[in-house]
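The sequence and the structure are shown first.

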Amino acid sequence: MYENVIEKMLPVIGPGGITAPDFQSILAQWQSLFRDIYGSDIYIEPDSKDGVLLSLIAYAMHGCNNATISVWNSFSPTTGMGEGLSRNVKINGISRKEASYSTVDLALTGRIGTVIHGGQVRDSVGNIWLLPESVTLDLHGEATVTATCQLPGAIAALPGDITEIATPTQGWHSVTNVMAASEGRPVESDSELRQRQALSVALPSRSVMEGLHGALASLVGVSRIKALDNDTDETDDNGIPPHSIAVVIDGGDSTEIANAIALKKAPGVPTWGTTEESVTDIWGNARTIHFFRPTRIPVFAEIKVKPLTGYTTEIGDGIANAVVRDINALSIGETLYYSRLFKPASLSRAEGGDTYEILGLEVGLSADALSAENIAIAFNEMAVSSAANIKITTVSV
């Protein structure tokens, strides 16, 4: 008799997916059911015992409906979350990336033949960087090694920041980093994993470049990639030789990157870049793979604001951090358009966004050379910034 009424309270799977009534609709159905049984004059308002009971029943059904919807959504990488999403993407042959560690190439000097066991160095702010288990200085008393930060996450180190030997060893004289560190990252978020899942389906694609991009995106520690293909008979505007490919990749192990490029690139197509790694194919043939590590271009900015009621220095710090996030989110080779920084600087829809007025915004490659002009970024460069590079100037007019 009441089956039709109950069905109206349950989830329905149709051509458009799964739907379910909201809490108020379920409660209204139960109230209608009670009035049919006990009469239209029954008092079932929220302040009555019967009203409370109906609310509890409706709340329980609403919770079950939501659980059913969550289960349904977990079967798709588009709507799955957390552990459900982590399990779902395994069908594409990928998994959620764990927290990674920053890495940096170090130049060591000392006495010829010195062996450094379990070496550690320290940067200018006190972070410890771990050398490989054993390092031997060559016939010139030098060695170049990749060190890993002791702490996970985005630990930065600019060129020249790492100069202190934390584990003194006889015969080891100095250490420095010529280039900035490749920053690590926290555990991969759901949105990032969804984006990478979309890329992963390109692994078996017909397009060689799409397959190459998908393979590189799956490597541990890789954060940003740009792959270019010059299929012409002339050197292109980026300097890429004819019929060659150039990969610019931030993060990840160099050997794994070279192996992935060698596996996915078309036979006979040369690679181009300033970093080179030797790989050996399944027949034992050695070949050299070239690629680029992006050059980090520090960006500075000055934002002039007119304080309004409620403005504080903390809000100013929030403006700087929002601009930094926007700059650091740019892809490799992407031009920095200064006008687009007005949006993050306005703290749109965020607390404190109505406590100031932006009077001007300038950017540049140094704190002394700022202007309201875009910053061109080369194909093998990427814009980076930090809160220390963003100056918030308050102006009273």
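The sections below treat a helix, the nonpolar cores, a threonine and the aromatic pairs in turn.

The model is predicted: local features need pLDDT of at least 70, side-chain atom pairs count only at pLDDT 80 or more, and totals for chains, interfaces and linings use all residues. Residues are numbered from 1 along each chain as its sequence is written, and side-chain values use heavy atoms, with hydrogens and water left out.

Helices (H or I, at least four residues) and strands (E, at least two) are DSSP runs, numbered from the N terminus. Helix α3 covers residues 49-73. The expected span of a helix is 1.5 Å times one less than its number of residues; for the 25 residues of α3 this gives 36 Å, in agreement with the 36 Å between its end C-alpha atoms. Its buried residues are G51, L54, A58, M61, N65 and I69, and their cover includes β2 (17-19) and α2 (23-38). Y59, also in α3, is exposed.

| Residue | Relative accessible area | Class |
|---|---|---|
| Y59 | 58% | exposed |
| W272 | 28% | partly exposed |
| F379 | 9% | buried |
| T355 | 7% | buried |

A nonpolar core is a set of buried Ala, Val, Leu, Ile, Met, Phe, Trp, Tyr and Cys residues joined through side-chain atoms within 4.5 Å. The largest has 25 residues, and I303 and I319 have the most contacts inside it. Two or more residues each come from β17 (300-307), α8 (313-328) and β18, with α8 giving the largest share, seven residues. Contact means heavy atoms within 4.5 Å; beyond four places in sequence, I319 touches I303, V305, Y311, A345, L347, Y356 and I392. A second, separate core of 20 residues includes L106, W129, W172 and A181.

T355 lies in the loop between α9 (342-345) and β18 (356-364). Its side chain reaches the backbone oxygen of G352 at 2.7 Å. Among the residues that T355 touches are K306, P307 and Y311.

The whole structure holds six aromatic pairs, defined by ring centres within 6.5 Å, where planes under 30 degrees apart count as stacked, over 60 as edge-to-face and the rest as tilted. W272 and F379 are stacked, at 6.3 Å centre to centre and 15 degrees between the planes. Because W272 lies in strand β13 (residues 271-272) and F379 in the loop between β18 and β19 (381-384), the pair ties together parts 107 residues apart in sequence. W272, F292 and F379 form one aromatic cluster.

Definitions and conventions. Buried < 20%, exposed > 50% of the residue type's maximum accessible area, 1.4 Å probe, protein only. Polar contact = N/O pair within 3.5 Å; in protein donor to acceptor, adjacent residues only side chain to side chain.
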